[in-house]
Amino acid sequence: MGTDGFDKSPSGDVTADLLPDRLELSDGRVCECRALVEDDAEALLEFLPRMHGETDFVNYFPGEFDWTVEQEREFLRKRMDNPLALSIAAEVDGRIIGLGGAAAPDFRRMQHHAEVGLAVLKEFWHLGIGRRIMELSIEWGRRVGLHKMYLRVYDYNTRARGMYRKLGFIEEAALREDIRRADGTFGNTIIMSLVYEES
Ligand SMILES: CC(C)(COP(=O)(O)OP(=O)(O)OC[C@H]1O[C@@H](n2cnc3c(N)ncnc32)[C@H](O)[C@@H]1OP(=O)(O)O)[C@@H](O)C(=O)NCCC(=O)NCCS
């Protein structure tokens with residue numbers, strides 16, 4: 001246990017206890033959540049632009065993402081070296097159809113919390129995959145000793161906000177006119193958080 005109150009051992013063991021995870025879908029298929037690895041870089045370069053083009057709920061506009069495989073590999077390497085980060089790939093029939101994970105900031109003053117995020121390809125919505133990715137991320141945070149988990153969600157993403165509320169997150173702040181929507185209007189970003197001691 002660190003002097004400031006939580007276990008700083010690498011999250012690798014915690015991740016290995018949680019993943020891979022198997023979820024039977026209502027349509028009979030199986031979704032496997034596993035840890036992302038550097039060799040997923042190419043698959044992510046297919047997944048990400050497709051996902052960005054499907055909704056107005058994520059930071060990238062369609063076509064804005066322009067990373068190379070090497071940049072993606074570097075990102076994944078750094079992410080895997082981070083002892084306070086979790087990165088999940090959700091696969092169906094061997095194809096990445098969802099991503100999720102959480103990471104604590106670099107500053108020790110803030111390392112008692114982590115930001116969580118996720119996305120699932122549209123054709124796989126409503127099958128319980130988003131909820132499972134979130135449940136795994138929340139449990140990971142609990143096991144690595146986080147005090148709090150938080151996320152940012154656009155105010156018009158009512159479905160995601162509903163899911164987060166069901167999972168115990170509360171809306172604690174709004175950043176006004178924070179993002180530009182595809183139609184040119186502005187939207188607020190809502191900060192939602194879960195404090196483990198309260199859940
Ligand atoms: C948000 C997202 C991840 C949800 O993924 P999903 O796999 O479709 O989610 P699930 O099938 O697990 O459903 C999530 C839960 O939300 C619930 N839900 C859906 N709409 C809801 C609403 N309006 N109010 C309350 N709950 C709602 C569902 O009932 C489900 O709960 P249940 O498991 O108790 O039935 C997915 O829609 C997505 O990737 N969207 C685009 C990217 C995005 O918005 N990411 C989040 C950015 S903050």
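Me: Which residues come nearest to the ligand?

Reply: A residue is called near if its C-beta atom, placed from the backbone, lies within 6 Å of the molecule. Of the 22 residues around the ligand, the nearest are W125, G130, R131, G162 and M163. Please note that this is a predicted model, in which local features need pLDDT of at least 70 and side-chain atom pairs count only at pLDDT 80 or more, while totals for chains, interfaces and linings use all residues. Residue numbers start from 1 along each chain as its sequence is written.

Me: Which helices and strands each supply at least two residues of that shell?

Reply: Helices (H or I, at least four residues) and strands (E, at least two) are DSSP runs, numbered from the N terminus. Here β5 (113–120), α4 (129–144), β6 (148–154) and α5 (158–166) each supply at least two residues of the shell. The largest share, 6 residues, comes from α5.

Me: What is the make-up of the shell by class?

Reply: Ala, Val, Leu, Ile, Met, Phe, Trp, Tyr, Cys and Pro count as nonpolar, Asp, Glu, Lys and Arg as charged, and the others, Gly among them, as polar. The shell around the ligand has 12 nonpolar, 7 polar and 3 charged residues.

Me: Which residues of α2 are buried?

Reply: A residue is buried if 20 or more other C-beta atoms lie within 10 Å of its own, exposed if 12 or fewer, and partly exposed in between, with C-beta atoms placed from the backbone. In α2 (41–52), the buried residues are A41, L44 and M51. They lie on the same side of α2, because they cover an arc of only 85 degrees around the axis, the arc being that of the directions from the helix axis to the C-beta atoms. The face turned away from this buried side carries the exposed residues E42 and E46.

Me: What covers the buried residues of α2?

Reply: Contact means that the C-beta atoms of two residues, placed from the backbone, lie within 7 Å. The cover of the buried residues of α2 includes α3 (69–81), β4 (95–103) and β5.

Me: Where is the cis peptide bond?

Reply: Most residues other than glycine have a negative phi, and most peptide bonds are trans. In this model a cis peptide bond joins L19 and P20, with omega about 0 degrees. P20 is placed in the loop between α1 (12–18) and β1 (21–24).

Me: What is the phi of D93, and what is that of E177?

Reply: Phi of D93 is near 50 degrees, a positive value in a residue other than glycine. D93 is in the loop between β3 and β4 and counts as exposed because it has 9 C-beta neighbours inside 10 Å. Phi of E177 is likewise positive, near 50 degrees. E177 is found in strand β7 (residues 170–180), and its 11 C-beta neighbours inside 10 Å are why it counts as exposed.

Me: How many helices and strands does the chain have?

Reply: The chain has 5 helices and 8 strands. Buried residues make up 26% of its 199 residues.
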